[in-house]
Amino acid sequence: MNIIGPDELLFGVDNLEACSQYLTDYGLNPVGAGRFEALDGTAIVIAHKDDPALPPSMGTASMLRKTVYGVADQQTLGAIAEELGRDRDVKCLPDGSIEAVDDMGFVLGFQVTMRRPLGLPAEAINAPGAYGRPANVVGVDENASAKPRTLSHVVYFVPDTARAEAFYVERLGFRCTDRLVGAGPFLQPAGTADHHTLFMIQTPPFMKGCEHFTFHMGGPTEVMQAGTRFVEKGYQSFWGPGRHKMGSNWFWYFNSPLGCHVEYDADMDIHDEAWVARAIPMDADASQLFLFERRDKWAPGGPPPGPVGAAERH
């Protein structure tokens with residue numbers, strides 16, 4: 001099935017004002033009531049947790065109410081409706097999308113994708129023997145916008161990773177690209193080459209929900225630049241910056257008022273059908289190649305650099 005990846009995530013939140021400010025400061029564009037878009041139109045959508053239009057809560061602390069996947073065409077949408085309709089209710093919504101619930105209780109939507117094509121260059125680097133930037137083009141622009149380009153992936157806490165994986169692989173055509181043994185699988189739908197758009201982590205049932213979501217940036221410099229600006233606005237770094245092993249993506253995670261962590265990422269591996277999934281025991285060495293600690297700026301000749309001085313907002 002030609003599922004491309006998540007088009008939007010819908011959250012039912014406690015504090016609309018704080019979440020709106022957070023998503024705007026993160027770099028998404030507010031485009032309407034509760035909708036915050038990346039450059040390609042993928043989005044986070046928020047509503048108050050008591051809004052009757054929301055799908056029901058999962059009964060845990062998670063604020064995620066729905067994951068909406070973009071698909072390539074109407075034919076794919078019909079195939080998903082037919083497949084899932086064999087053993088569960090599939091709703092046809094007024095906007096033309098469909099809605100169902102996966103085997104773990106996560107509400108899923110599917111729609112013909114509304115992603116806009118991006119004609120933006122990737123970050124260019126210079127190295128001996130391979131110069132990516134022409135002469136006199138500098139690599140640093142302190143005023144660069146560093147805006148999220150597209151919704152990259154979502155990570156779920158689930159009580160049964162084997163059953164959850166089977167649903168996405170057998171019913172929706174995802175495939176496992178890598179596995180952290182003791183945690184769970186990285187899953188890639190058929191319509192993208194990205195290493196994963198979904199990762200699942202085995203947890204007790206009371207933790208079920210969204211662990212984090214992330215948007216792709218234009219390169220590692222944009223991850224660093226956007227993350228630094230975020231810290232300077234008072235938001236609390238949770239993990240990073242660093243670089244993952246599985247997927248190779250650069251990362252920087254932050255605490256958020258959406259009941260989950262929020263990440264910037266860049267430079268994820270892409271894989272085709274020739275790729276053979278790896279399986280590595282979950283530990284700190286498997287999770288990241290390297291990890292930095294963010295410090296206040298420092299200049300040679302000054303006192304030794306100290307710990308982060310930015311105030312913590314969340």
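**Figure 1. The whole chain at a glance.** Helices are DSSP runs of H or I with at least four residues, strands are E runs with at least two, and both are numbered from the N terminus. Counted that way, the protein has five helices and 20 strands. Its radius of gyration is 20 Å, close to the 20 Å that the globule rule gives for 314 residues, so the protein is as compact as a globular protein of that length. Keep in mind that this is a predicted model. The C-alpha trace spans about 70 × 45 × 40 Å along the principal axes. Buried residues account for 49% of the 314. Of the contacts with a separation of 6 or more, 70% join residues 24 or more positions apart.

Figure 2. Mean pLDDT for the protein is 94, with 97% of the residues at 70 or more. Residues 309–314 are where to be careful, with pLDDT below 50. Leaving aside near neighbours in sequence, that stretch still has 17 contacts in the model.

**Figure 3. Phe110 and the nonpolar cores.** The largest nonpolar core holds 57 residues, and Phe11, Phe110 and Tyr168 have the most contacts inside it. Zooming in on Phe110, and skipping residues up to four places away in sequence, you find Ile3, Tyr69, Val71, Leu77, Ile80, Leu84, Ser97, Ile98 and Leu172 touching it.

**Figure 4. The Glu83–Arg171 salt bridge.** The closest N and O atoms of Glu83 and Arg171 are 2.4 Å apart in this salt bridge. Glu83 belongs to helix H2 and Arg171 to helix H3, so the pair ties together parts that are 88 residues apart in sequence. Are these two partners buried or exposed? Both Glu83 and Arg171 are buried. For the whole model, the count of salt bridges comes to 18.

Figure 5. Asp103 pairs with Arg88 in a salt bridge whose closest N and O atoms are 2.8 Å apart. Asp103 sits in the loop between E7 and E8, while Arg88 is in the loop between H2 and strand E6 (91–92), 15 residues away in the chain. Asp103 counts as partly exposed because its relative accessibility is 24%, whereas Arg88, at 18%, is buried. Glu232 and Arg294 also meet in a salt bridge, at 3.9 Å from N to O. Glu232 lies in helix H4 (residues 220–232) and Arg294 in the segment after strand E20 (288–291), so this pair ties together parts 62 residues apart in sequence. Arg294 has a relative accessibility of 13% and therefore counts as buried. Through shared partners, salt bridges join Glu83, Arg86, Asp87, Arg88, Asp103 and Arg171 into one network.

Figure 6. Most residues other than glycine have a negative phi, and most peptide bonds are trans. What is the geometry of the peptide bond from Gly240 to Pro241? That bond is cis, with omega near 5°, and Pro241 lies in strand E16 (residues 237–244). Ala146 has a positive phi of about 50° despite not being a glycine. You'll find Ala146 in the loop between strand E10 (130–131) and strand E11 (150–158), and it counts as buried because its relative accessibility is 5%, with the cut-off set at under 20%. Ser248, likewise not a glycine, has a positive phi of about 65°. Its place is the loop between E16 and strand E17 (250–254), and at 18% relative accessibility Ser248 counts as buried.

Terms used: Residues are numbered from 1 along each chain as its sequence is written. This is a predicted model: local features need pLDDT of at least 70, side-chain atom pairs count only at pLDDT 80 or more; totals for chains, interfaces and linings use all residues. Side-chain values use heavy atoms; hydrogens and water are left out. Buried means under 20% relative accessible area, exposed over 50%, partly exposed in between (1.4 Å probe, protein chains only). pLDDT is the predictor's confidence in each residue, from 0 to 100. Contact means heavy atoms within 4.5 Å. A nonpolar core is a set of buried Ala, Val, Leu, Ile, Met, Phe, Trp, Tyr and Cys residues joined through side-chain atoms within 4.5 Å. A salt bridge is a side-chain nitrogen of Lys or Arg within 4 Å of a carboxyl oxygen of Asp or Glu. The radius of gyration is taken over C-alpha atoms; the globule rule is 2.2 Å times the number of residues to the power 0.38.
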